[in-house]
Amino acid sequence: MKFEDFNFVPALQEGLDTMGFTKPTPIQQEAIPHILSDKDLIACAQTGTGKTASYLLPLLHKIELEDHSHINTLILAPTRELALQIDQQIMGLAYFTGCTSIAVYGGGDGFSYEQQKRSLTDGVNIIVATPGRLIAHLTSGTINLDHLKHLVLDEADRMLDMGFYDDIVRIISYLPEQRQNLLFSATMPPKIRYLSKKILHNPVEVNIAISKPSEGILQQAYLVYDEEKNDLLSQILANSEYKSVIVFASRKETVKRLNSALNRKGILSEAFHSDLDQDSREDIMVRFKGKNLAVLVGTDVISRGIDVVGISLVVNYDVPPDPEDYIHRIGRTARAETTGTAITFINDKDQQKFGRIEDMLGNEVLKLSLPEGMRQGPNYNPKSRPKSNFNPKWKKNFKKKPNP
Ligand code: AMP
């Protein structure tokens with residue numbers, strides 16, 4: 001499936017192209033059609049799955065087709081960090097549309113409150129807010145939500161954990177009855193069910209449960225530039241502890257090139273990819289399963305399905321594009337209650353992708369130092385991610401946001 005299949009307004013598709021999003025993630029594939037057809041929705045999805053864009057894209061599409069002169073959408077988020085992150089994604093995706101947004105959060109000084117107040121009276125289409133600060137603006141009459149059409153509760157479980165239930169109910173009392181409601185939550189405890197019964201009307205339910213990696217997998221990563229990856233891999237493979245190894249790369253050209261490079265270094269390996277005929281595939285798999293072939297280099301075609309017990313090491317020669325693929329790749333080791341190691345090579349360009357994976361895992365993966373004598377790798381800075389989606393070409397005609 002491609003984003004083009006949703007038929008978004010051209011300005012939004014342009015934003016997607018520039019952000020480099022080509023393929024919708026599973027939550028996006030499931031949620032977007034329901035949101036486009038005006039349904040209320042309750043979605044169970046974790047950070048890292050692409051959940052933010054799963055509601056932003058259909059809402060931005062609608063706002064582009066609707067009246068621009070009022071506050072159209074309210075997104076409630078538990079923390080200032082999340083509110084800012086959502087606002088940054090709006091900036092990227094809505095860049096070519098006429099849609100404007102502002103993040104409204106507490107914790108600042110009186111000056112930032114005044115700034116927010118001015119921006120709000122200037123007129124914006126989307127408000128991304130933490131509940132407490134929004135109430136302050138609502139009670140002082142700064143915000144008029146009479147024309148609101150869509151309400152999103154993001155990370156609803158965390159908002160309830162932080163004690164925002166009463167604030168949410170209070171905020172809703174300021175909203176028109178007729179509106180679309182979307183609730184996103186990483187977990188679905190009874191209190192979320194209760195909240196959804198109170199707020200949503202006949203919601204569609206979408207559940208993207210990402211399986212967690214097995215406890216038996218030791219996950220590690222190296223920050224390493226592309227030029228050093230082959231050298232690092234050879235050094236790792238020289239460790240005799242690893243008897244049965246799969247090395248994953250995203251593109252078959254990389255798989256072929258890497259396999260030849262390993263063979264040249266005297267490492268017996270085979271390349272496994274979609275160009276091979278069935279007989280060659282079967283022959284390679286029989287040798288690998290029978291432990292007559294120690295190293296298999298492959299694309300994601302081997303990340304699903306093959307069930308070989310005793311794989312001691314999985315190496316991600318590059319970071320897979322999707323957190324789900326990461327789980328499938330590293331799940332080739334530590335099968336059937338055994339243990340195994342998964343090592344990922346992160347270059348300077350793949351940090352954002354690895355950040356998504358860590359978000360989904362809920363913890364950071366241990367970064368190892370490169371062996372002595374190797375050029376030091378890039379620094380790890382995955383949080384620079386939303387900005388890295390921007391094309392510098394845009395900057396010169398960057399539309400000014402309303403005043404924050
Ligand atoms: P989220 O789960 O909303 O926190 O998203 C995590 C990250 O995934 C964000 O940095 C997004 O920029 C990125 N992202 C969302 N959708 C896609 C997609 N379809 N393709 C590539 N990256 C995406």
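Thr52, Ala53, Tyr55, Leu56, Leu57 and Leu60 in helix α3 meet Ile86, Gln89, Ile90 and Leu93 in α4, a contact being heavy atoms within 4.5 Å. By class, this contact of α3 with α4 has 8 nonpolar, 2 polar and no charged residues; here Ala, Val, Leu, Ile, Met, Phe, Trp, Tyr, Cys and Pro count as nonpolar, Asp, Glu, Lys and Arg as charged, and the others, Gly among them, as polar. The model is a predicted one, in which local features need pLDDT of at least 70 and side-chain atom pairs count only at pLDDT 80 or more, while totals for chains, interfaces and linings use all residues. Residues are numbered from 1 along each chain as its sequence is written, and side-chain values use heavy atoms, with hydrogens and water left out.

As for geometry, α3 spans residues 51-65 and α4 residues 80-93, and their axes come within 11 Å and cross at roughly 45°. That makes α3 oblique to α4; angles under 35 degrees count as roughly parallel, over 145 as roughly antiparallel, 65 to 115 as roughly perpendicular and the rest as oblique. The axes are lines fitted to C-alpha atoms, for helices over the stretch in contact, with angles running from 0 to 180 degrees between N-to-C directions. The crossing of α3 and α4 is right-handed, meaning that the near helix is turned clockwise from the far one, whereas a left-handed crossing has it turned anticlockwise by less than a right angle.

Zooming out, the protein chain has 15 helices and 14 strands. These elements are DSSP runs numbered from the N terminus, helices being H or I with at least four residues and strands E with at least two. The radius of gyration of the chain is 24 Å, close to the 22 Å that the globule rule gives for 404 residues, so the chain is as compact as a globular protein of that length. For that comparison the radius is taken over C-alpha atoms, and the rule is 2.2 Å times the number of residues to the power 0.38. Along the principal axes, the C-alpha atoms fill a box of roughly 75 × 45 × 40 Å. Buried residues make up 53% of the 404, where buried means under 20% relative accessible area, exposed over 50% and partly exposed in between (1.4 Å probe, protein chains only). Of the contacts with a separation of 6 or more, 78% involve residues 24 or more positions apart.

Helix α13 is mostly covered, with 7 of its 8 residues buried. Among them are the charged side chains Glu324, Asp325 and Arg329. The buried residues of α13 pack against α2 (26-36), β8 (217-223), β9 (245-248), β12 (313-316), β13 (340-346) and α14.

Strand β8 also holds glutamine 220, which is buried at a relative accessible area of 12%. Leaving aside neighbours within four places in sequence, glutamine 220 is in contact with Thr341, Ala342, Ile343, Thr344, Val365, Leu366 and Leu368.

Some loop residues are worth a look too. Most residues other than glycine have a negative phi. Glutamate 155, though not a glycine, has a positive phi of about 50°; this residue sits in the loop between β5 (150-153) and α7 (156-161) and is buried, at 11% relative accessible area. Asparagine 202 also has a positive phi, near 40°, and lies in the loop between α9 (190-199) and β7 (204-207), but asparagine 202 counts as exposed at 73% relative accessibility. Histidine 273, in the loop between β10 (269-272) and α12 (278-289), is buried with a relative accessible area of 5%. Not counting residues up to four places away in sequence, histidine 273 touches Lys252, Val255, Lys256, Arg281, Thr299 and Val301.

Finally, arginine 170 is found in helix α8 (residues 165-172) and counts as partly exposed, at 41% relative accessibility. Beyond neighbours within four places in sequence, arginine 170 is in contact with Ile135 and Thr139. Arginine 170 and leucine 138 are 32 residues apart in sequence and 9.9 Å apart in space, C-alpha to C-alpha.
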